Amino acid sequence: MNRPVDAHCHLCFDHFRRDVDEVVERARERVLRVYDCGVTPGTARRTLELARRFEGFVFPTIGLHPPRAPRMQDRAIDEIVRLIREHADELAAIGEIGLDYHYVKRSKERERMREVFERFLRLAEELDKPVVIHAREAEEDAFRILREHDVTAMFHCYDGPPELARRIAEEGHYVSLSTIHVIRGPTDRTRRLLESVPLDRALTETDSPYLSPERGRRNEPANVWRIVELVAEVKGEPVGRVVETTAENALEFYDR
Ligand SMILES: [Zn+2]
């Protein structure tokens with residue numbers, strides 16, 4: 001394995017509607033495989049379609065975007081659950097799911113978000129799938145709730161406390177490092193965080209189309225190299241070893 005994995009992105013979003021073939025072509029040259037994430041009934045169907053079209057390269061996950069959970073109709077959530085059940089065999093994981101206290105402030109809405117999170121965790125237990133967790137300014141709560149369930153998780157785009165990252169790893173889960181750290185540059189905080197994640201529990205991702213290392217641009221999976229290189233630099237490891245270990249971790253974490 002001499003190419004890294006993009007462990008979380010959204011090629012199913014409209015941002016890629018026009019030129020997804022070229023984006024995947026560029027990714028194939030530089031990346032081993034990508035895990036694509038649908039977060040609405042529409043994007044969920046699209047990620048399944050991309051996985052069929054780029055078989056063996058694009059692998060689908062389905063969940064929802066936690067900040068939107070409080071305002072989503074039950075019907076839309078039921079529809080996502082139905083799609084997950086119906087396509088469980090095709091899915092690499094359930095997610096993203098989780099908690100976002102950055103965007104959701106009101107206690108009633110947070111309560112609803114936690115209920116939805118737990119509904120999906122129970123579904124993952126039932127279907128025996130790993131979960132992709134979105135936790136923003138809510139990492140401690142998400143981890144506490146996760147631990148009440150018998151599932152393996154990756155914390156996608158992790159940007160929480162370094163000590164918590166270590167605990168997540170110690171309990172057998174994964175911490176996914178995104179290009180957000182490249183945008184920030186190697187600040188002291190970024191260094192502490194990257195150092196606290198053991199390499200054998202680290203994943204790498206772009207969260208494309210978001211978090212482009214180039215300001216104002218659309219991100220794409222080929223850019224996953226940028227975070228791989230930063231991890232290597234901060235940890236003082238050869239790039240090749242970071243590529244190989246994080247790619248192995250992704251294959252081990254996901255259900256394919
Ligand atoms: Zn995402």
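This is a predicted model: local features need pLDDT of at least 70, side-chain atom pairs count only at pLDDT 80 or more; totals for chains, interfaces and linings use all residues.
Me: Is strand E4 (residues 93-100) largely enclosed or open?
Reply: A residue counts as buried under 20% relative accessible area. Eight of the eight residues of strand E4 are buried. The rest of the structure therefore leaves this strand largely enclosed.

Me: Which residue in E4 stands opposite Ile-62?
Reply: Strand E3 (residues 58-62) pairs with E4 in the parallel sense, over two bridges. Opposite Ile-62 stands Ile-94.

Me: What is omega for the cis peptide bond that joins Gly-95 and Glu-96?
Reply: Most peptide bonds are trans. Glu-96 has its place in strand E4. The bond joining Gly-95 and Glu-96 is cis, and its omega is about 10 degrees.

Me: Is Cys-157 buried or exposed?
Reply: Cys-157 lies in the loop between strand E6 (153-155) and helix H6 (162-170). Its phi is positive, near 50 degrees. Buried means under 20% relative accessible area. At 14% relative accessibility, Cys-157 is therefore buried.

Me: Is Asp-128 buried or exposed?
Reply: Asp-128 is found in the loop between helix H4 (107-127) and E5, and has a positive phi near 60 degrees. The cut-off for exposed is over 50% relative accessible area. With a value of 65%, Asp-128 is therefore exposed.

Terms used
Residues are numbered from 1 along each chain as its sequence is written. Side-chain values use heavy atoms; hydrogens and water are left out. Buried means under 20% relative accessible area, exposed over 50%, partly exposed in between (1.4 Å probe, protein chains only). Helices (H or I, at least four residues) and strands (E, at least two) are DSSP runs, numbered from the N terminus. Two strands pair if DSSP finds at least two bridges between them.
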